[in-house]
Amino acid sequence: MKQFLQKWAGPILIACTIAVVISTFIPALGHVKHDKLGHGLVFGGMCFFIPFTFWAPAKTFLTYGGIVALSGFLEILQSFVPGRTASFEDMIANIIGSTLGLLLGLILKKCVSTPATPDQEASPK
């Protein structure tokens, strides 16, 4: 799992970010019932991969801050896109999702980065 995350976290993070930016400029297809949940899941998914992309804590939190700032910027840009509106509630959902995603990523990173104890190494697999 650790090798997979080290190899693919960066490309997945970049692809998700590009998809979010592009989707900002696509007119809405109508009212979505669980819009806030979707915002939280998308930004949470992006931030989940940050700890595996940048192993240095400073870069991790700088990237997290950048994604939160991007969230606000994209919400403002939506007010200029026909069929889209800016929403403070969407931005809050983005921030909550980003924070939860980052926390889950940090927890998983700690789990996969913890060295095995001598008892775990001796046990048969």
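K109 touches P51, F52, F54 and W55, leaving aside residues up to four places away in sequence; contact here means heavy atoms within 4.5 Å. K109 lies in helix α5. Helices (H or I, at least four residues) and strands (E, at least two) are DSSP runs, numbered from the N terminus. K109 counts as buried because its relative accessibility is 14%. Buried means under 20% relative accessible area, exposed over 50%, and partly exposed in between (1.4 Å probe, protein chains only). The model is predicted: local features need pLDDT of at least 70, side-chain atom pairs count only at pLDDT 80 or more, and totals for chains, interfaces and linings use all residues. Residues are numbered from 1 along each chain as its sequence is written, and side-chain values use heavy atoms, with hydrogens and water left out.

The protein has six helices and zero strands. From the N terminus on, its elements run α-α-α-α-α-α. Of the 125 residues, 30% count as buried. Among contacts between residues at least 6 apart in sequence, 78% join residues at least 24 apart. The accessible surface comes to about 8,100 Å². Carbon and sulfur atoms hold 75% of that surface. Accessible areas come from the Shrake-Rupley method with a 1.4 Å probe; for residues, only the protein chains shown count as cover.

Helix α2 covers residues 35-48, 14 residues in total. Within α2, the residues H39, G40, F43, G44, M46, C47 and F48 are buried. The cover over the buried residues of α2 includes α1 (2-24), α3 (50-53), α4 (57-78) and α5 (88-113).

T53 is found in helix α3. It is partly exposed because its relative accessibility is 26%. T53 touches A9, G10 and L13, not counting residues up to four places away in sequence. T53 and L13 are 40 residues apart along the chain. Their C-alpha atoms are separated by 8.0 Å.

Helix α4 holds T60 and V68. T60 is buried, since its relative accessible area is 2%. Its contacts are I50, P51, F54, L102 and L106, with residues up to four places away in sequence not counted. The C-alpha atoms of V68 and I96 are separated by 9.6 Å. These two residues are 28 apart along the chain.

I96 also belongs to a nonpolar surface patch with F88, I92, L100 and L103. Together, the patch residues have about 480 Å² of accessible area. L100 is in helix α5. Patches are made of residues with over 30% relative accessible area and no salt bridge: like charges are joined within 9 Å, and nonpolar side chains (Val, Leu, Ile, Met, Phe, Trp, Tyr) within 5 Å. A salt bridge is a side-chain nitrogen of Lys or Arg within 4 Å of a carboxyl oxygen of Asp or Glu.

The structure holds zero disulfides, a disulfide being a pair of cysteine sulfur atoms within 2.5 Å. C16 is partly exposed because its relative accessibility is 26%. C47 is buried because its relative accessibility is 0%.

Key. Expected span 1.5 Å × (residues − 1).
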